[in-house]
Amino acid sequence: MGEKPLSRKSSNGISRRGFLGRTGSVIGAVALAGHLAPAHAAAAAPPGPIPDGAQVAALVIGTGYGGSVAALRLAQAGVDVQMIEMGMSWDTPGSDGKIFPKVTTPDYRSFWLRTRTKAPLSNFLGFPIDKDVPKYTGILDAEDFAGITVYQGRGVGGGSLVNGGMAVTPKRANFAAVLPSVDADEMYDTYYPRANAGLGVGMIDPAWFDTADCYQFSRVGRKHAQRSGFAWTFVPDVYDWDYMKREAAGTATKSALAGEILYGNNHGKKSLVQTYLAQAKATGRVAISPLHKVTSVSPAAGGGYTVTIDQINTTGDTVATKTVTANRVFFAAGSVGTSKLLVKLKATGALANLNGEVGKGWGENGNVMCGRANHLWDPTGKLQSTIPCSGIDNWDAGGAFAEVAPLPTGIETYASFYLSITKNPNRAEFTWNAGKAELSWQTAWKAPSISMAKTIFDKINSKEGTIYRTDLFGGNKIWNDTLTYHPLGGAVLNKATDNYGRLHGYTGLYVIDGALIPGNASVNPFVTITALAERNIEKIIATDLP
């Protein structure tokens with residue numbers, strides 16, 4: 001079909017100048033040389049949400065890792081970008097003077113349109129810890145499907161707002177199983193370094209780690225892993241480690257040391273708001289519309305795409321419906337959001353030419369959680385940083401990598417807590433049935449993940465003479481096998497799309513988020529999502545822009 005060119009001039013009726021602004025690092029600037037328009041003084045991004053009837057050059061659905069990369073690089077190439085975000089812009093403090101609440105005191109800000117919290121750790125010492133809250137467009141979505149609950153960030157910055165920030169590049173030897181159609185050399189030589197620089201990835205100071213009270217839990221995890229013969233490793237993160245040292249010294253407002261992470265972090269964590277999105281907005285070419293939800297994308301009669309968007313309020317009600325035209329559309333709503341939207345668009349005929357791979361290849365990165373009860377001579381500490389910094393690696397021998405996770409309760413628990421990523425081979429599919437997106441995942445499909453995680457923790461328990469905790473997930477459960485923090489797949493690279501995220505069947509439609517990764521990244525996936533987006537958008541800019 002015919003389409004409008006991806007104009008590098010303002011296409012929404014708002015006069016804008018500006019181009020590069022500050023990049024803050026070398027990421028991408030050199031790689032995109034030759035594709036950039038002349039630089040001008042940056043102008044402020046246009047105020048207010050996207051207007052009804054707007055015509056835009058590039059529309060990005062979602063403000064998470066892939067969407068933020070796409071917006072920045074397109075803007076640097078002279079393209080005006082509108083970003084659509086279902087969640088809020090988290091920039092206004094609540095009545096407590098803070099934008100985000102603590103893990104231990106969830107309130108209306110904590111959960112997306114729920115009337116009761118649904119914490120991943122639902123019980124403590126046998127008592128349920130969830131509570132009723134007002135319905136609100138909170139920061140963490142616990143989205144329930146038939147066999148699994150998927151935790152996702154809601155707000156400008158997506159998952160970067162609520163994750164622990166563990167910024168892990170997969171072992172090169174494992175990469176072929178993660179993205180088999182992608183050249184490993186280019187990823188490890190160019191795009192992983194670019195992503196790590198752009199995200200502000202850093203490593204904890206090992207000497208400080210060895211003495212910091214807030215990492216006693218992690219040192220116990222190290223001792224137990226090594227005594228059982230497992231490889232223990234520091235893990236990079238996007239927290240400002242110098243800031244955390246100041247927190248511990250009492251010279252900075254406490255954040256990671258004040259129980260902040262699951263529902264946002266008020267200070268030291270470098271979310272996308274501080275990195276890619278800040279750079280994107282500084283170009284003057286990127287506008288973000290929070291509390292907007294894309295409901296339809298279809299070919300426009302004159303070329304490009306007609307996009308229908310619902311504007312919602314903080315209780316989730318639709319207050320306006322807008323129709324805009326976009327020359328190109330980038331699906332970046334996260335694995336679940338992108339997959340749900342695409343299967344809907346195919347089934348309803350809005351994008352009937354999408355191929356049969358749409359919705360397939362979805363996995364949960366093998367996530368399972370467990371806790372262990374330690375002896376009294378192995379206290380894990382009253383003060384625990386909410387930022388994990390280490391893991392136990394038994395991937396090659398047992399198919400599991402376990403994050404040594406905090407339990408920031410403020411009391412001594414004598415407990416070790418872990419989130420495991422495993423080689424779970426099971427994959428599910430999204431379909432559109434009776435006006436609703438459904439996922440075929442079955443809770444029983446977590447059995448391989450439990451078996452793989454047990455290769456670590458059964459051995460540690462045997463060596464240490466310890467047992468699993470059964471009071472953390474309700475019903476005397478040892479394993480939380482009903483969740484994932486790391487949804488992946490649903491629009492798999494080189495299947496639902498070509499090898500750079502272009503959706504088959506349509507020119508000018510792209511997937512650029514975790515939906516491209518087929519179910520498992522072997523580690524926390526956000527660095528891989530970011531690096532893949534850097535690779536793909538560079539190709540798209542080089543070949544698809546006029």
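Biologist: How many nonpolar, polar and charged residues does the lining of the largest cavity have?

Modeller: That lining has six nonpolar, two polar and one charged residues. Ala, Val, Leu, Ile, Met, Phe, Trp, Tyr, Cys and Pro count as nonpolar, Asp, Glu, Lys and Arg as charged, and the others, Gly among them, as polar. The model is predicted: local features need pLDDT of at least 70 and side-chain atom pairs pLDDT 80 or more, while totals for chains, interfaces and linings use all residues. Residues are numbered from 1 along each chain as its sequence is written, and side-chain values use heavy atoms, without hydrogens and water.

Biologist: Which residues line the largest cavity, and what makes it a cavity rather than a pocket?

Modeller: Met166, Val168, Phe401, Glu403, Leu419, Ile421, His486, Val523 and Asn524 line the largest cavity. On a 1 Å grid over the protein atoms alone, a 1.4 Å probe fits in a cavity but cannot get out, whereas a pocket is an open set with protein on both sides within 12 Å along at least five of seven lines; lining residues have an atom within 4 Å of a point. The largest cavity has a volume of about 50 Å³, volume being the space filled by probe spheres set on grid points joined across faces, edges and corners. The structure holds three cavities of 30 Å³ or more.

Biologist: What is known of the second largest pocket?

Modeller: The second largest pocket holds about 580 Å³ of space. Its lining has 31 residues, of which Ser89, Trp90, Asp91, Val156 and Val273 lie nearest its centre. Strand 8 gives the most to this lining, with four residues; strands (E, at least two residues) and helices (H or I, at least four) are DSSP runs, numbered from the N terminus.

Biologist: Why are strand 5 and strand 20 called edge strands?

Modeller: Three strands form an open sheet in the order 5-6-20, with mixed pairing. Strand 5 (140–144) and strand 20 (483–484) each pair on one side only, so they are its edges. Two strands pair if DSSP finds at least two bridges between them. Strand 6 (residues 149–153) and strand 20 have two bridges, in the parallel sense, and therefore they count as paired. In strand 20, Leu483 is the bridge partner of Thr149.
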